Amino acid sequence: MTEQEHTMKHHRRPMAGYQPRNFLWQVSDDHKVATVTLNRPDRKNPLTFDSYAELRDLFRSLVYATDVKVVVVTGAGGNFCSGGDVHEIIGPLTKMSMPELLDFTRMTGDLVKAMRACPQPIVAAVDGVCAGAGAMVALASDMRLGTPAAKTAFLFTRVGLAGADMGACTLLPRMIGQGRASELLYTGRAMSAEEGSAWGFFNALHESQDLAAAAAKLAAQIAAGPTFAHGITKKLLHQEWNMGVDEAIEAEAQAQALCMATKDFHRAYHAFVAKQKPVFEGD
């Protein structure tokens with residue numbers, strides 16, 4: 001075993017026993033789907049300095065998880081996330097120096113980077129308030145399920161800040177279009193659930209009481225697929241934003257050749273020949 005292989009083996013570990021301090025964490029009994037629940041329902045689940053950092057570290061560590069194939073992110077008490085806590089973040093920010101402020105904004109951006117870099121597809125289950133940094137957590141996810149009560153607001157301008165926050169000016173236009181994103185980022189108004197569905201922000205809407213089950217169903221469906229190939233898909237969905245067509249086609253040729261070398265590809269072929277449903281094992 002090479003030193004690099006030993007290092008990778010040392011770092012790879014199950015995450016079912018992870019015990020966060022600032023949110024809830026649960027891994028399904030079949031060790032495939034993990035659920036992150038923002039759990040300050042009395043305040044509509046705001047983020048703090050500590051929860052930002054812990055979420056960032058969690059998504060970074062998922063690169064090495066052996067038992068998590070899909071992640072669901074949701075909020076407790078009928079709301080997703082109200083953004084940065086006014087008393088625990090906004091107030092202290094007004095007293096910080098410029099270097100300290102830049103440390104903070106880089107940390108919040110690192111959460112989005114970590115979510116995009118982790119190989120597991122992320123499903124955001126959004127009900128009620130989804131605002132500011134909470135809207136960015138939803139946007140940084142791979143898929144979003146909403147409810148008719150979901151109100152998504154990139155409200156940075158309403159507190160005197162730029163709409164450019166945590167990648168909003170690059171991620172949101174790619175999701176809903178430049179003109180629609182510009183309106184939301186300039187005005188800070190809430191995007192209704194119906195707008196979010198029509199504009200492609202939400203993959204589907206469900207009644208509030210059905211949201212958790214719908215997210216679990218979607219996550220389980222993805223988790224049953226080829227894990228390595230899903231990681232490749234996520235990587236190229238992200239990387240190809242910065243590629244020309246020729247470079248993208250070449251990248252996909254190389255990526256698909258890698259996937260063709262996996263056992264899951266062979267399992268799918270043999271299952272097809274036998275007229276059976278393939279059972280993917282992630283290698």
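Predicted model: local features only at pLDDT ≥ 70, side-chain atom pairs only at ≥ 80, totals over all residues.
Local features require pLDDT of at least 70 and side-chain atom pairs pLDDT 80 or more, whereas totals for chains, interfaces and linings use all residues. Residues are numbered from 1 along each chain as its sequence is written, and side-chain values use heavy atoms, without hydrogens or water.

The largest nonpolar core has 56 residues, of which F59 and L62 touch the most other members. Such a core is a set of buried Ala, Val, Leu, Ile, Met, Phe, Trp, Tyr and Cys residues joined through side-chain atoms within 4.5 Å. Helix α5 (residues 133-140) supplies the largest share of this core, seven residues; helices are DSSP runs of H or I with at least four residues, numbered from the N terminus. Another core, of 13 residues, lies apart from the largest one and includes L145, A214, I222 and A223.

T262 is situated in the loop between α11 (245-260) and α12 (263-273). T262 counts as buried because its relative accessibility is 14%, buried meaning under 20% relative accessible area, exposed over 50% and partly exposed in between (1.4 Å probe, protein chains only). Its side chain reaches the backbone oxygen of C259 at 2.6 Å and the backbone nitrogen of F265 at 3.3 Å. Not counting residues up to four places away in sequence, T262 touches F228 and D283, where contact means heavy atoms within 4.5 Å.

V273 lies in helix α12. With a relative accessible area of 53%, V273 is exposed.

Notes. Helix = DSSP H or I, 4+ residues; strand = E, 2+ residues; numbered from the N terminus. Polar contact = N/O pair within 3.5 Å; in protein donor to acceptor, adjacent residues only side chain to side chain.
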